[in-house]
Amino acid sequence: MSSILADRMAVLGTETSFEVLARAKALERQGKSIIHLEIGEPDFNTPQNIKEAAVKALYAGYTHYVPAAGIPELREAIAEYISKTRKIPVDPEEVVVTPGAKPVIFFTILACVNPGEEVLYPNPGFPIYESMIKFVGAKPVPIPLKEENDFRIDHEYVKEKTTEKTKMIILNSPENPTGSVLTRDDLKLIADCIAERDDLIVLSDEIYSRIIYEGSHESIASLPGMKEKTVILDGFSKTHAMTGWRLGYGVMRKDLAEKITQLVINSNSCTCAFVQVAGIEALKGPQDSADRMVAEFRKRREIIVEGLNRIKGVTCKKPKGAFYVFPNITGTGMRSKELSDYLLNEVGVAVLPGTSFGRYGEGYLRISFANSAENIKEALRRIEAALEKL
Ligand SMILES: Cc1ncc(COP(=O)(O)O)c(C=O)c1O
């Protein structure tokens, strides 16, 4: 019998964190105590001023369709914010607002990459990159991130793998799942590899740009000649603890912004109107909640890195950004998937196998520290006990 599905559905990937979350919740329903360290979202509440702005906007009538690329006031606020933080001039017409930042990945790959073209992307990396590259019929070319290089991209590798078929390079700094951060020198060297190429686009995923513990966030778009070639992805989910609101954006040259807007019109029409008003408050209102959240993550980072390094068979580098650690577990003698299953079933600690982020994630786990210090300490005790039993 023929399938009701189009062929392209066979290559579409997914995010296993949602799957592990569902398994962990099922165990919880059976009465088991679970510590959730699998989820990629801040455990903090959206700041009060942002919630109030949304409620006010609802009552003020922001309940209708709005322009597809975003309401002008939010596009202006984003342009101002990106100009200031990335030190480049940005026009509001270069901003497209989307429901969460994820559609920027979806739309940019759909708009720019042809079947048969090649896309370089970090591996281990956010799984949606590879999924979307395959979905459009392009060839995924993984850039392995190695622990000995602090999980940063090796520009020599980029140089070697960039061919006339390469259409896009995806960067992600701070990186999910490793917490690595690209320096300005790293970015310069990567930019040099593509200096001659005007037909190549960089998708720079900067969703964790404000969650950084050492050094500063640098964007490849700030380098000479790179703004025109770069789509900056950023948003509100992580910085302002707004994952459920679905609000993100892309910053790109105007002609591309128009095409991406056309994809918005063809899919979701526009982003929720009152949520966009809340986004203006998030950018222009007080920033102390965001700063406090990062300060708290910084404390937890110390606890979790120190705790993991005390466990036999586990070593863990200190991440420079985001809220994940990516410990090396090869000393346990177990494979990533086997160990993450064991920790969930045996001691109720939900983490993700490194392989959820690609094949170069074998030998690692991704553990989120978006949970309280108390819960992190308890999880460390449980992991240690589980590994001692082996
Ligand atoms: C690297 C990376 N990019 C993009 C996103 C998507 O963000 P949003 O929830 O705003 O769609 C995430 C979320 O986990 C992420 O980790």
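**View 1. Residues around the ligand in the predicted model.** The ligand is surrounded by 13 residues, the closest being D205, Y208, S237, K238 and R246, where a residue is near a molecule if one of its heavy atoms lies within 4 Å of it. Sorted by class, this shell holds five nonpolar, four polar and four charged residues, with Ala, Val, Leu, Ile, Met, Phe, Trp, Tyr, Cys and Pro taken as nonpolar, Asp, Glu, Lys and Arg as charged, and the others, Gly among them, as polar. This is a predicted model, in which local features need pLDDT of at least 70 and side-chain atom pairs count only at pLDDT 80 or more, while totals for chains, interfaces and linings use all residues. Residues are numbered from 1 along each chain as its sequence is written, and side-chain values use heavy atoms, with hydrogens and water left out.

**View 2. Distances between ligand atoms and polar protein atoms.** A polar side-chain atom of D205 lies 2.6 Å from a nitrogen atom of the ligand, whereas oxygen atoms of the ligand are found 2.8 Å from a polar side-chain atom of N176 and 2.9 Å from a polar backbone atom of K102. Of the 400 Å² of accessible area that the ligand has on its own, the protein covers 93%, areas being computed by the Shrake-Rupley method with a 1.4 Å probe.

**View 3. The open sheet β9-β12-β11.** Three strands (E in DSSP, runs of at least two residues, numbered from the N terminus) form this open sheet in the order β9-β12-β11, with antiparallel pairing, two strands being paired if DSSP finds at least two bridges between them. Because β9 (324-325) and β11 (352-353) stand at the edges with a single partner strand each, one side of each is left without a neighbour in the sheet. Two bridges join β11 to the antiparallel strand β12 (residues 365-368), and L352 has R366 of β12 as its bridge partner.

Key. A polar contact is a pair of N or O atoms within 3.5 Å; within protein, one must be able to donate a hydrogen and the other to accept it, and residues adjacent in sequence count only if both atoms are side-chain atoms. Helices (H or I, at least four residues) and strands (E, at least two) are DSSP runs, numbered from the N terminus.
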